Amino acid sequence: QIATTNSATMGKRAVLIGKGRRIVIDELIALVHGSAELDLYGETAQIVEEAGFAYDGPTTLIVSSDGNKLSSAGSIASASILCLAVAQGRLIFSKKESAIATSALIGVVRLLQSDASLQLPADAGEYLACLNASLEGSGVCTFPTSLTGVVERIVNLAISAVVAGQTRSLCQVVDVIAALSAERLAVDVSAYADTYYDALRPHRESSTSATTMRAILNGSQMAKLGKQGLRFSNEAEPAKAVLNAPQQLGPAREAVKAACKTLELEMNCSEPDGQSLFDETVVRIATLSVAGAIASLLEGTCARRSTSNDVDGSLTTDAQSQSLSTICSMCEHNYVQLKSSLEAEADSGIEFVRVETKRAEEEAKTKEAMKAAKASSVNPKESANGGGEKDEFAGMSEEKKSKDFEKTCRKGSQGQS
């Protein structure tokens with residue numbers, strides 16, 4: 001199999017693109033973060049080599065309008081998925097044209113990775129026009145306007161996949177952050193008992209969250225184990241949010257994981273030709289699932305911090321009437337808010353632990369100093385003897401000393417006999 005080696009020489013992870021290749025969401029996110037780079041693979045690389053096509057990609061993007069732009073992440077992700085789709089040899093008429101277009105699109109992705117200020121148009125028609133203008137004179141065939149629908153699907157898919165993958169990563173640490181808040185608010189950890197989650201309400205991810213939080217809080221000096229459980233009385237909203245954390249975190253994580261599987265499969269699908277168009281329902285349902293999970297996670301972390309919820313409310317009011325592109329944009333916005341809120345919650349928890357640890361250390365030092373001072377306060381007789389062994393008769397009356405002496409002698413005589 002033939003693959004280019006640019007990524008290897010630059011020390012970046014190589015994500016191989018070619019006919020029959022698949023990519024996963026983690027690879028897509030690595031491309032967005034710049035820790036990976038696309039490379040040609042297999043038959044596609046061989047065709048490009050045999051054609052003698054040598055093109056490093058455009059030096060800039062030529063955008064003909066001032067319309068809405070995709071984010072840097074959306075631009076990189078959508079161009080990468082379009083590159084994968086073109087490499088399958090169905091959207092453009094010949095194998096050679098497809099392979100050459102794939103190579104050129106790799107150059108576009110690398111350009112986008114090199115400068116975060118470069119952003120592709122959000123409109124699918126302008127997106128194609130930008131690619132054609134930027135690749136003009138490179139020997140790449142023109143992307144036909146018939147691909148507008150395909151590009152629109154790919155753009156929405158790319159944004160949703162990146163947000164879903166990034167949210168999945170956040171879901172790996174939300175239990176730990178919630179446990180820090182549990183300690184900060186000194187809640188009763190009996191609310192996380194396996195009775196509730198393994199026996200009475202055994203949703204897998206909720207049980208996982210409860211188990212993780214129990215393990216983290218085991219032996220905590222602040223979050224005590226009592227008998228309150230999930231019986232709430234006068235708890236403030238932050239405490240309630242912490243006590244209910246596994247019931248919020250678990251379902252959200254489960255929804256995100258399921259959506260990632262769907263979106264990852266969709267990333268590796270492509271229309272049978274440039275004239276056909278897949279329906280957006282698959283991406284829409286998965287994206288709405290991710291949006292709901294993000295909203296739930298954001299609501300929980302804001303409640304634990306006693307701050308206002310900055311969820312884009314228009315998404316929850318009438319989601320079914322929103323276009324998929326609008327839903328994807330809302331997801332991007334809400335993900336940024338979620339990440340920021342979780343970071344702030346984690347900082348609060350870490351600061352609390354730091355302050356409490358310092359206080360405990362100071363108390364321990366004070367106790368040690370008091371103990372040392374008490375030990376040094378010996379009686380005058382010990383001081384006169386140079387601090388030797390303690391006088392066991394110190395403070396006794398002469399009568400008491402005499403009785404103790406006689407008792408000791410009698411014990412000694414009995415032992416000899």
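**A helix and its surroundings**

Tutor: The protein has 17 helices and two strands; helices (H or I, at least four residues) and strands (E, at least two) are DSSP runs, numbered from the N terminus. This is a predicted model, in which local features need pLDDT of at least 70 and side-chain atom pairs count only at pLDDT 80 or more, while totals for chains, interfaces and linings use all residues. Residues are numbered from 1 along each chain as its sequence is written, and side-chain values use heavy atoms, with hydrogens and water left out.

The part to look at is helix α10, residues 204–217. The expected span of a helix is 1.5 Å times one less than its number of residues. For the 14 residues of α10 this gives 20 Å, and the end C-alpha atoms are 20 Å apart, so the two agree. After α10 comes glycine 219, with a positive phi near 85°.

Which residues of α10 are buried? They are Glu205, Ser206, Ser207, Ser209, Ala210, Met213 and Leu217. Buried means under 20% relative accessible area, exposed means over 50%, and partly exposed is in between (1.4 Å probe, protein chains only). The buried residues of α10 pack against α8 (174–184), α9 (194–200), α11 (237–243) and α12 (245–267). Contact here means heavy atoms within 4.5 Å.

Now the surroundings. In the protein, 43% of the 417 residues are buried. Of the contacts with a separation of 6 or more, 77% are between residues 24 or more positions apart.

The loop between α8 and α9 holds alanine 186. Alanine 186 is not a glycine, yet its phi is positive, about 55°. Its relative accessible area is 41%, so alanine 186 is partly exposed. Serine 306 also has a positive phi, about 60°, without being a glycine. Serine 306 lies in the loop between α13 (281–305) and α14 (314–317), and its relative accessible area of 55% makes it exposed.

The largest nonpolar core has 105 residues. Such a core is a set of buried Ala, Val, Leu, Ile, Met, Phe, Trp, Tyr and Cys residues joined through side-chain atoms within 4.5 Å. Leu120, Tyr127, Phe143 and Tyr192 have the most contacts inside this core. The largest share of the core, twelve residues, comes from α7. Apart from neighbours within four places in sequence, tyrosine 127 touches residues including Leu70, Ser75, Leu120, Pro121 and Val151.

Pro121 is also a partner of asparagine 68, as is Ala122, again leaving aside neighbours within four places in sequence. The C-alpha atoms of asparagine 68 and alanine 122 are 5.5 Å apart, although 54 residues separate them along the chain. Asparagine 68 sits in the loop between α3 (42–51) and α4 (72–87), and counts as exposed because its relative accessibility is 65%.

Last, a pair of helices. Helix α2 (residues 25–33) packs on helix α7 (residues 148–170) at an angle of about 95°, with the axes 9 Å apart. Therefore α2 is roughly perpendicular to α7, a label for angles of 65 to 115 degrees. Axes are lines fitted to C-alpha atoms, for helices over the stretch in contact, and angles run from 0 to 180 degrees between N-to-C directions. Among the residues that meet are Ile25, Leu28 and Val32 in α2, and Ala158, Val162 and Arg168 in α7.

Key
Angles under 35 degrees count as roughly parallel, over 145 as roughly antiparallel, 65 to 115 as roughly perpendicular and the rest as oblique.
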